[in-house]
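Please keep the sequence and the model in view while reading.

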Amino acid sequence: MDILFIDAECPLCNRAALFLARRTGAKEIQFASLTGRTAREMGVRSESDLGESQLESSSVALMHGQQLFFRTEAVIMALSRAHGFRFLRRWMWLPWRWLDP
């Protein structure tokens with residue numbers, strides 16, 4: 001099961017989480033705050049997992065197994081599990097540098 005960590009203070013992030021929750025099964029993705037207890041316990045915000053630039057600019061992270069994904073990569077991976085957006089799996093081969101400037 002994947003965990004999508006979002007900026008809980010961001011209204012857009014909260015709306016996106018509700019959108020995804022309605023379109024994915026409970027076993028597909030769970031949601032947690034980037035600054036919450038779950039994120040701290042899993043080491044999502046530790047400097048060993050994130051570079052300083054990612055700490056400042058990331059408002060979304062996806063934990064897939066033991067691997068963390070950020071920004072566009074996290075969003076595409078999460079959306080690809082949602083009903084009606086599975087076609088996004090085709091984008092997974094793109095270099096993420098093309099998607100995140």
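## The sheet and its helices

In this predicted model, strand 1 and strand 2 pair in the parallel sense over five bridges, where strands are DSSP runs of E with at least two residues, helices are runs of H or I with at least four residues, both numbered from the N terminus, and pairing requires at least two DSSP bridges between two strands. Within this pair, Ile 6 stands opposite Ser 33 of strand 2. Strand 1 (residues 2-6) is also joined to strand 3 (residues 60-64), by four bridges and in the antiparallel sense, with Phe 5 having Ala 61 as its bridge partner in strand 3.

| Helix | Strands touched | Angle |
|---|---|---|
| Helix 1 (residues 11-23) | strand 1 and strand 2 | about 155° with strand 1 |
| Helix 4 (residues 71-79) | strand 1, strand 2, strand 3 and strand 4 | about 60° with strand 3 |

The open sheet has four strands in the order 2-1-3-4, with mixed pairing; strand 2 (29-33) and strand 4 (67-70) are its edge strands, each pairing on one side only, and the twist averages 25° from one strand to the next.

Five of the five residues of strand 1 are buried, that is, under 20% relative accessible area with a 1.4 Å probe and protein chains only. Asp 2, Leu 4 and Ile 6 lie on one side and Ile 3 and Phe 5 on the other, so both faces are covered by this definition of buried.

Residues are numbered from 1 along each chain as its sequence is written. Local features need pLDDT of at least 70, side-chain atom pairs count only at pLDDT 80 or more, totals for chains, interfaces and linings use all residues, and side-chain values use heavy atoms, with hydrogens and water left out.

Note on methods. Axes fitted to C-alpha atoms, helices over the stretch in contact; angles between N-to-C directions. Contact = heavy atoms within 4.5 Å. Buried < 20%, exposed > 50% of the residue type's maximum accessible area, 1.4 Å probe, protein only.
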